[in-house]
Amino acid sequence: MPRTVDGQITMEKTPSYFVTNDAPQRIHSMAKDTKLIVVVRNPVTRAISDYTQTLSKKPEIPTFEVLAFKNRTLGLIDASWSALRIGIYALHLESWMQYFPLSQMLFVSGEHLISNPAEELAKVQEFLGLRRIITDKHFHFNKTKGFPCLKKPEDTGAPRCLGKSKGRIHPKIDPDVIRRLRKFYKPFNAMFYQMTGEDFQWEKEELEG
Ligand SMILES: Nc1ncnc2c1ncn2[C@@H]1O[C@H](COP(=O)(O)OS(=O)(=O)O)[C@@H](OP(=O)(O)O)[C@H]1O
């Protein structure tokens, strides 16, 4: 990391740090006042999204349904498969809590980042001690893509949207597998809500879905 002078904020974004065993201790020994931002999303959707990304690079991999189980007949989920393991947020958060207080962590809802990006960005700006510069005037929802695009309010140019390879279409997964995964994550999600003091409503979202 480069040296940061007064008035500067140095940012680094590596999603895998959240699930890397050595990361909390190493980051803490580098700068213990580091602020941590984690974008979290319904772990079932996250797993399918993760799988979809791998599938786009390696089309020959087994189906999601095959990879998700150690023994499908027994309903034994393979929690060591990284696409599933990453979504056990409570487990990973526990390691970070050994080194950092919760006041130095912000959990951004991936779902809200799409449905209400301005509100989510307001939280980020406040957390970082920044003036609220990015507001709803900076977003334009692209219905075709299903994502908000970023625009400069004073600029008449086209808004900047997610690239072509982003927001991939997920394959249809066996509803029974989805049900089993929801059941699997339920206690871990509850633990995560309790630890963060925030209810991400992933169960409610599923009822509606
Ligand atoms: N701004 C914003 N808000 C909410 N969600 C977002 C945003 N940008 C990216 N995404 C979603 O994050 C998923 C991973 O993104 P990427 O595919 O771009 O990641 S990667 O860089 O290729 O690893 C991917 O999920 P899927 O839609 O399931 O593929 C993206 O849609």
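Colleague: Among contacts in the chain between residues at least 6 apart in sequence, what share joins residues at least 24 apart?

Modeller: Two residues are in contact if their C-beta atoms, placed from the backbone, lie within 7 Å. This is a predicted model, where local features need pLDDT of at least 70, side-chain atom pairs count only at pLDDT 80 or more, and totals for chains, interfaces and linings use all residues. Residues are numbered from 1 along each chain as its sequence is written. Taking contacts between residues at least 6 apart in sequence, the share that joins residues at least 24 apart is 55%.

Colleague: Thanks! What is the mean pLDDT of the chain?

Modeller: Here pLDDT is the predictor's confidence in each residue, from 0 to 100. In this chain 98% of residues reach 70 or more, and the mean is 94.

Colleague: How many helices and strands does the chain have?

Modeller: Both are DSSP runs numbered from the N terminus: helices are H or I with at least four residues, and strands are E with at least two. By that count, the chain comes to nine helices and six strands.

Colleague: Which elements give two or more residues to the shell around the ligand?

Modeller: Among the residues around the ligand are Ser 49, Leu 113, Leu 162 and Gly 167; a residue is near a molecule if its C-beta atom, placed from the backbone, lies within 6 Å of it. Two or more residues of this shell come from each of helix H2 (43-57) and helix H6 (110-115).

Colleague: Is Ser 49 buried or partly exposed?

Modeller: Ser 49 lies in helix H2. UniProt, in an unreviewed entry, includes Ser 49 under "binding site". Because 16 other C-beta atoms lie within 10 Å, Ser 49 is partly exposed.

Colleague: And is Ile 169 buried or exposed?

Modeller: Ile 169 sits in the loop between strand S6 (147-150) and helix H8 (175-196). Ile 169 has 6 C-beta neighbours inside 10 Å, so Ile 169 counts as exposed.

Colleague: Which residues does Lys 145 touch, not counting residues up to four places away in sequence?

Modeller: Lys 145 is in the loop between S5 and S6. With 13 C-beta neighbours inside 10 Å, Lys 145 counts as partly exposed. Setting aside residues up to four places away in sequence, Lys 145 touches Cys 161, Leu 162 and Gly 167.

Technical notes:
UniProt positions are given in the numbering used here, feature names are shortened, and annotations may be inferred rather than shown by experiment. A residue is buried if 20 or more other C-beta atoms lie within 10 Å of its own, exposed if 12 or fewer, and partly exposed in between; C-beta atoms are placed from the backbone.
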